[in-house]
Amino acid sequence: MEKEQTWPDWVRERDNPRIAHTKPEALDDITVLDLSYKSFAGCYCSSLLAEFGAEVLRIEPPEGDFIRTCTPYGMLYKGEGLNYLSEGRNKFHISLDLKKPEGREILKGLVGQADVLIETYRPGVMDDWGIGYEQLGEINPRLIFASITGYGQFGSMSRSRMPDYDNITQARSAVQYTTGEVIPEGKSYDECPWAVPTKAGPWIGWVQAGTFMAVGILAALYWRGMTGEGQALDVATAEAYASFDDYATSWYQGCGAICERFGSLTTAAWLYCFAPTKDGAVFLGGIRLEMWKAFADMIGKWDEWGAASWTTNATFTEKEQQLKWSRLIFAETRKYTNKELVNMSVEYAKKGRLAPITPVVAPVCSPEETMKDANWLERGIFTPVKDPVYGELVVAQAQHKMTETPIRTKWVCRPVGYDNEHIFLKYMGFGPSKLNKLKKAGII
Amino acid sequence: MAEETWKNYKEKKHFKSSPLKGIRVLEVCTLVLGPAGPGYLAKMGAEVIKCEIPPKGDVAREMVPFGYFFRGQAPGFIPININKYWLGLDLHRTEGQEVFRELAVRSDIIEDNLRPGVMDSWNVGYRQIKEIKPDIIYISKTGFGPWGQYAEENRPSNDGGAQAFSGYAWMSRFPGQPPLKNRLFVCDSYGALMGEVSVLAALHYRERTGKGQFISLSQNENIMRAMSWVWPYQQITGKVAMPAGNRDVSICPADTFLCADDTFVAIAAPAPEEFRGLCTAMGRPELADAPRFKDHLTRLQEENATEILKIIADWARTKTSEEVEELAEKHGFAASRLYTAKNVVEDKHFRERDFMTEVDDPLLGQYLEYEFPVMMSKTPPKVKWSVRPVGFDNEYMMVHLLGKSEDEIKHLYDCGALGKWADMDGRRPPPGWDGKAGLILARDREGKE
């Protein structure tokens, strides 16, 4: 065993994102057709595969995917929406009109050569076009056919006309209902429009669903490797997000309790909250009993609060206890800045009574502070990508690091149909004259 | 919709194979970020052996909403620990480490979420395990990864810390209000899920090449990835990205509205036909053609978005959330009331799809649990059994998997390498347990007698 190196040094030498391009790619034997439309979940799913080297053919209608127009405040950069700009990564972009029979015939040709197809049309649309799972499965029995929609492929709501959007997923999962400020007593919503059920800002409803589907696709690929058989996969975005909820449904089933908003405290965990400070707020974490004790010690309350005698955190999660203890704690945290509290925790890990145990203290950052934090820069999260079309761009990347087959971002995005020539030649043998004809006919 | 494909999905689920059949996972995980990942694999048929330090085990065994235990178990512990085997193994002890190594050579995947270097100090780190099992896939999920300034400071982390550090919480509030922590352990659950993307990609690579590898996932870095536009926006404009409450600044209209019955409804209608549908539903079809609203990019501009959202808000205040849902269905835009836990449990559609699936557990009895939310036509994920006390399957693991004799097992207990639960809520069996239900080996013996 290589003993001479410390563990961090050993890993860093092997998983630093800066050397990712020198390593092999895990999925470079896989071809993926991404037909997703009006859905960031689909785009995100295929990004996760493209990062691993899968050849993803992003298939859009000739006018482009509507999702490209879903951009903050309508802002475009070099003609592109900012969300799409960050998740077009590593994909080949081709155009194909699936509403035309000729377009669908070409798709069938691609399907015969593909491993995975991702689509997000309303259930039934692909079947009506003659390119549903059952039809394409005939052409390619090894095909993994992945559908991401709001309500899924079966069950009574699957016939709903309603489209799938992130905020709807956040609403239908029961997560939004339970997050938000508690309305002050005697006040109305009109007086406190901020004390309402609050969704997450980022498109978590979409990205988690796309990620679930990526996991499903990879599991289905493993099974295909064992048996040679493809299959159909079905993710309903609201189900996927609801499944992140750890405790609300068994709580309800056990005693009828409905999980309600609790501000920045946490119904099922103590110590676990945001706390105000002199210059902002910090997160405090001490779910493990010893960490809660360490926090009490760190702020000089070990004796006064009788921390030595605590035996479990479970009783501290009771509502009245949480309200009482959070008041006591906030009075203390207000005496310090974010930086002071963070340093106290780092120092406590070295010299405290319970060291190396120490509470989690994390500053609540604006994304601007996050993007400038030397730690993340060093870890390769915000390394600008030099894109041939869009220039040097910052997108978050390298979210997991691997010693053998690391992910990488080769390019961030492409305009609609940018890769038509290369891809149609490579897969369909269409040269310039044939492409011209197809273009004139509005098929690509 | 492929009707033949999904016909009788729920009824036939348990007649079909599982996608990860034959894959064995060793888990040394605690709380949510760690256990949730192997939990996803277990629902897809992997054999997951959860190693806990006896007698108290996983800290999530105390994650109780307002102090409430569900049939003696912590609700926050249950959904992420389905279908697992339970081993009470003390890795501080040499004999415990030896047992772990015996299990490791029989495993495909190892997952931990302890602070970097801890597994190493127990002689079961990646470098030590790959000596005896070269193709092992080994993932370590932490706050900051094994290297970098925060890792060097050996900072602990958890979900709320990642919500804070990443800017996620800062972006998820109403303007002018203090940052708001999401009630979900979203950076945990989502970090765990992303971890499995890399684990399964590594499995694919191992099938091709015979090579294993080490993976590290930082829950902080992972949630940043989920924040898409925020980073290029800040780079391009030089401005900080701003929160906007329930309004989606990238989709218009998309917001949450207060209804006549004092409930809330989320609405989204950005695409041309959807927006037209909403305007028609509001009795204002002319708005769909107004120059400031007609085109999505124009409508998204601050002034126009504010105006149209105000129009919708005033209209929604005159309807119940149910009426808005009906109109959405009729006119083809999206709307949903804000579901509660009760709605999720009782939703007819979720039951029809078996997303909320019935468990008939020998220890916890009958209740509804989340299915892994990727329905698979030939290899459906399946919830089979629920959580167990610390060390509940020790005998089964030692005898069936490692072939140990009764004397050897006794020795492992005597030296403290093996252990069982503490006599506390969340650790011990549910009240009224008969001493047998759910025990695998006990049932084996009964069968022989």
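The dialogue below goes through a predicted model of chains A and B and the terms used to describe it.

Modeller: This is a predicted model, in which local features need pLDDT of at least 70, side-chain atom pairs count only at pLDDT 80 or more, and totals for chains, interfaces and linings use all residues. Residues are numbered from 1 along each chain as its sequence is written, while chains are lettered from A and ligands numbered from 1 in the order in which they are written.

Biologist: What pLDDT does chain B average?

Modeller: pLDDT is the predictor's confidence in each residue, from 0 to 100. Chain B averages 96, and 98% of its residues score at least 70. Over residues 444-449 of chain B the value stays under 50, and the model has 0 contacts there beyond four places in sequence. For the complex, the predictor gives an ipTM of 0.98 and a pTM of 0.98.

Biologist: How many residues of chain B are in contact with chain A?

Modeller: Two residues are in contact if their C-beta atoms, placed from the backbone, lie within 7 Å. By that rule, 164 residues of chain B touch 164 residues of chain A. Helix H9 (residues 186-209) of chain B gives the most to this side, with 17 residues. Helices (H or I, at least four residues) and strands (E, at least two) are DSSP runs, numbered from the N terminus.

Biologist: What makes strand S14 of chain A and strand S6 of chain B a pair?

Modeller: Two strands pair if DSSP finds at least two bridges between them. S14 (residues 400-402) of chain A and S6 (residues 213-218) of chain B have 3 bridges and run antiparallel, so they meet the definition. The partner of A:His400 in S6(B) is B:Leu217.

Biologist: Why is helix H3 of chain B called largely enclosed?

Modeller: A residue is buried if 20 or more other C-beta atoms lie within 10 Å of its own, exposed if 12 or fewer, and partly exposed in between, with C-beta atoms placed from the backbone. In H3 (residues 33-43) of chain B, 11 of the 11 residues are buried, so the rest of the structure largely encloses this helix. Among them are B:Leu33, B:Tyr40 and B:Lys43. Just after H3(B), B:Gly45 has a positive phi of about 100°. Across chain B, buried residues make up 61% of the 449 residues.

Biologist: Which strands form the open sheet in chain A, and in what order?

Modeller: The order is S9-S10-S11, with antiparallel pairing. S9 and S11 of chain A are at the edges because each has a single partner strand, which leaves one side of each without a neighbour in the sheet. On average, neighbouring strands are turned by 25° against each other, direction ignored; axes are lines fitted to C-alpha atoms, for helices over the stretch in contact, and angles run from 0 to 180 degrees between N-to-C directions. Helix H12 (residues 319-333) of chain A packs on the sheet, touching S9 and S10, and its direction makes about 40° with that of S9(A).

Biologist: How many bridges does S10 of chain A have with S9, and how many with S11?

Modeller: S9 (residues 272-277) and S10 of chain A pair over 6 bridges, one of which links A:Pro276 with A:Ala281. A hairpin of 2 residues connects these strands. S10(A) and S11 (residues 360-363) share 4 bridges, and A:Leu284 has A:Val361 as its partner. In S10 (residues 280-285) of chain A, 5 of the 6 residues are buried, so the strand is largely enclosed by the rest of the structure.
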